[in-house]
Amino acid sequence: MHFELTEEHRAVQEAARDFAKNDLLPGVIERDIECRFPVDEIKKMGELGFMGMMVDPKYSGGGMDTVSYVIAMEELSKIDASASVVMSVNNSLVCWGMEKYASEAQKEKYLKPLASGQKLGAFALSEPEAGSDATSQKTEAYLEGDHYVLNGTKNWITNGSKADTYLVFAQTDHSKGHKGISVFIVEKGWEGFSQGHKEDKLGIRASDTTSLMFTDVKVPVENRIGEEGFGFKYAMETLNGGRIGIAAQALGIAAGAYEFAVAYSKERKTFGKPISQHQAIQFKLADMATTIEAARLLVYKAAWLKDQGEDYSHASAMAKLYASQVAMDVSIEAVQIHGGYGYVREYHVERLMRDAKITQIYEGTSEIQKIVISRGILR
């Protein structure tokens with residue numbers, strides 16, 4: 001086993017770290033307060049190649065491996081999880097599935113601008129009554145000549161009002177249950193397609209989360225990915241990889257909170273010495289560092305398995321389950337180490353604590369990850 005990063009991985013890490021420090025950090029608190037989408041920052045992420053890292057260069061992507069992707073996700077998430085989730089959705093949920101399953105014409109028209117960062121994507125699976133139970137899709141599409149007529153509502157959609165291209169899941173044959181779910185590429189601005197208000201969230205407040213409404217939206221047949229009924233398999237395959245991205249986000253949140261805590265412990269003095277010299281604080285830091293390293297190994301292993309073409313569904317569920325718990329635990333301890341200062345915005349750790357919670361919920365709750373893991377064990 002080799003635990004060293006390659007020169008390419010280190011270059012990605014340095015580039016992501018520099019971008020996070022120089023471009024994301026200066027306005028991160030204000031964006032969080034104002035719930036302001038990081039428009040300019042996301043545009044620059046596209047220019048730097050962060051929005052389509054794993055896509056083949058022939059489709060305007062970076063041609064990098066999954067390990068490079070999680071390294072970049074970790075570094076950006078240390079500073080701004082609202083920006084990193086935009087990157088995660090575009091890479092893991094939109095570009096990856098389109099490259100693997102879309103037609104060449106679809107890749108030329110939609111994947112290239114998404115991978116290059118010229119356009120932004122969204123993944124519309126969740127509904128008011130279909131969250132963890134993704135099989136209960138109420139959104140439906142029926143064939144009418146050379147197009148489908150799409151009706152329904154989607155909830156909790158990241159990049160909801162900012163995306164240009166949407167992957168929308170809908171029932172095309174209710175009699176077949178989840179085997180009757182299909183997936184379509186829908187463009188912003190089509191007649192009958194609208195977005196709801198932006199959700200006022202606990203964390204990742206600068207990211208754009210809205211509902212989507214479809215009223216008799218005409219979707220050309222050529223915008224269906226794969227055959228009718230392929231949608232559920234498409235969603236599950238895509239979410240397996242998406243979990244790696246969110247695990248990396250959780251890892252970054254934990255690592256960022258830890259780094260802030262270490263720096264503060266060296267500056268803050270009580271009883272005549274820095275609090276880092278008190279054993280109570282040292283033990284907290286030791287526990288934080290150990291769990292972060294364990295989470296990192298799980299995340300990197302899942303990414304490595306994906307790169308090797310191995311089955312990574314079990315590993316990605318483990319990585320997301322554990323890393324999201326570490327993000328919560330470490331960020332709470334970081335606030336504790338900061339004391340009263342940890343409870344105010346300017347020290348960053350209260351925001352990271354709020355951001356951490358969503359990693360236990362979206363792209364499969366922690367309870368769903370345990371179902372995936374236990375099924376893998378018992379299989």
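I looked up Asn159 first: at 0% relative accessibility it counts as buried (under 20% relative accessible area is buried, over 50% exposed, in between partly exposed; 1.4 Å probe, protein chains only). Asn159 sits in the loop between strand S3 (147-158) and strand S4 (165-171). Its phi is near 70 degrees, positive in a residue other than glycine.

I note that this is a predicted model, where local features need pLDDT of at least 70, side-chain atom pairs count only at pLDDT 80 or more, and totals for chains, interfaces and linings use all residues. Residues are numbered from 1 along each chain as its sequence is written, and side-chain values use heavy atoms, without hydrogens and water.

Next I checked Phe271, which is not a glycine but has a positive phi of about 55 degrees. Phe271 is in the loop between strand S9 (269-270) and strand S10 (273-274); strands are DSSP runs of E, at least two residues, and helices runs of H or I, at least four, numbered from the N terminus. With a relative accessible area of 80%, Phe271 is exposed.

I then turned to the cysteines. I found zero disulfides (a pair of cysteine sulfur atoms within 2.5 Å). Cys35 counts as buried at 18% relative accessibility, and Cys95 counts as buried at 1%.

Last, I looked at a helix pair. Tyr69, Ala72, Met73, Leu76 and Ser77 in H4 meet Ala81, Ser84, Met87, Ser88, Asn91 and Ser92 in H5 (contact: heavy atoms within 4.5 Å).
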